[in-house]
Amino acid sequence: MAVRRVAIVHDYLTQRGGAERVVLALTAAFPGARLVTSTYSPDETYPEFANADVETLLPSWLPFVANHHRVAFPVLGPAFAWHRIRDVDVVICSSSGWAHGIATDAPKVVYCHTPARWLYAPNDYLLGHGLSVRVTARAAAVPLRAWDARAAASAACYVANSSVVRDRIKAAYGRDAEVVHPPMTLDPAGPQRPVEVGDQPFLLTVARGRAYKNRRIVEEAAAAIGARLAVVGAPRRAARPGVVHLGAVDDDQLRWLYANCRGLVAAAYEDFGLTPVEAMAFGKPVLALRAGGYVDSMVEGVTGRFFDQPEASALARALEAFDETDFDADAIKRHAASFSLERFAERMREIVASVTST
């Protein structure tokens, strides 16, 4: 049957990250789709969401959920489970925690960024959090695992954003999942606005302040060898010599940074990680941790190089050997083009058609 009515459900729209860029790609792939989320903070996420009619499950005046969604376990699970989406042909859930639990009579396609980290990788997820967060998360884990298993079982099919997430889905839920990589949606031809980073050539890293992003390791390694480093996503504060904290930047500034950097340093344990693909779209090589989604997006020797240990000393050695002139910018751009919005949209439409035709 022809799919006319689509709902897209996402955990929360309160930050700028790769998952939110995937939601924007889904809205482009399915024009006119309803967009449902737990809570929406327009000033904290991508401005393009203003073009969508965003439906929220929770009141906008509930600041605890908007600002502390990672510990709002008792609220967010029921918010999705008690909200029923009717009068649609299919529901696409963009989920790393709650969205796959939405109630509906329509088939659900779950685009999984990862099974909930606080349930299946708590040591990594809770690293750097205070005692109250760790106690809350561990106390809630047993009932939440049961809720999560029921939510996973309600899906018509699962789609993984990377091969490592495919394996996690199999381990957590016993379900097979096709890998459909997220698209690169930051248009290199778009406008650029300069950022003050000094006059010296600089490396770039883009990572929010979560412990598994390993931003501290990147800063220590760059400072150890005297390399200039621009850090996007870190709060503006005093930094090590040669390290510039830029805080949050908009897309025009991010384009300028990619276009003018020597290369990108990606040291996080990412489920997929869009920033290497974004850098590649500008023809810039990437020095990446050999882990997670980077294994899917990188071609060693063509798009950059791997380093094997998330340690400042190992990364410092890799940085000393890193020479951006060793790589062909055109070859890097060609590889980045394989992560196109068109390819992503085409495959997602095919998957949606397959679950609605049965």
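Helices (H or I, at least four residues) and strands (E, at least two) are DSSP runs, numbered from the N terminus. With that in hand, I looked up the protein chain and found 14 helices and 15 strands.

I noted that this is a predicted model, in which local features need pLDDT of at least 70 and side-chain atom pairs count only at pLDDT 80 or more, while totals for chains, interfaces and linings use all residues. Residues are numbered from 1 along each chain as its sequence is written, and side-chain values use heavy atoms, with hydrogens and water left out.

Next I looked up burial, where buried means under 20% relative accessible area, exposed over 50%, and partly exposed in between (1.4 Å probe, protein chains only). Of the 358 residues of the protein chain, 54% count as buried.

I then turned to H10, which lies in strand β1 (residues 6-10) and counts as buried because its relative accessibility is 2%. For its polar contacts (pairs of N or O atoms within 3.5 Å; within protein, one must be able to donate a hydrogen and the other to accept it, and residues adjacent in sequence count only if both atoms are side-chain atoms), I found that the side chain of H10 is joined to that of E20 at 3.1 Å and to that of S94 at 2.9 Å.

My last entry concerns helix α13 (residues 329-336), in which A331, I332, H335 and A336 are buried. I also recorded that D328 caps the N-terminal end of α13, with a side-chain oxygen 2.9 Å from the backbone nitrogen of D330.
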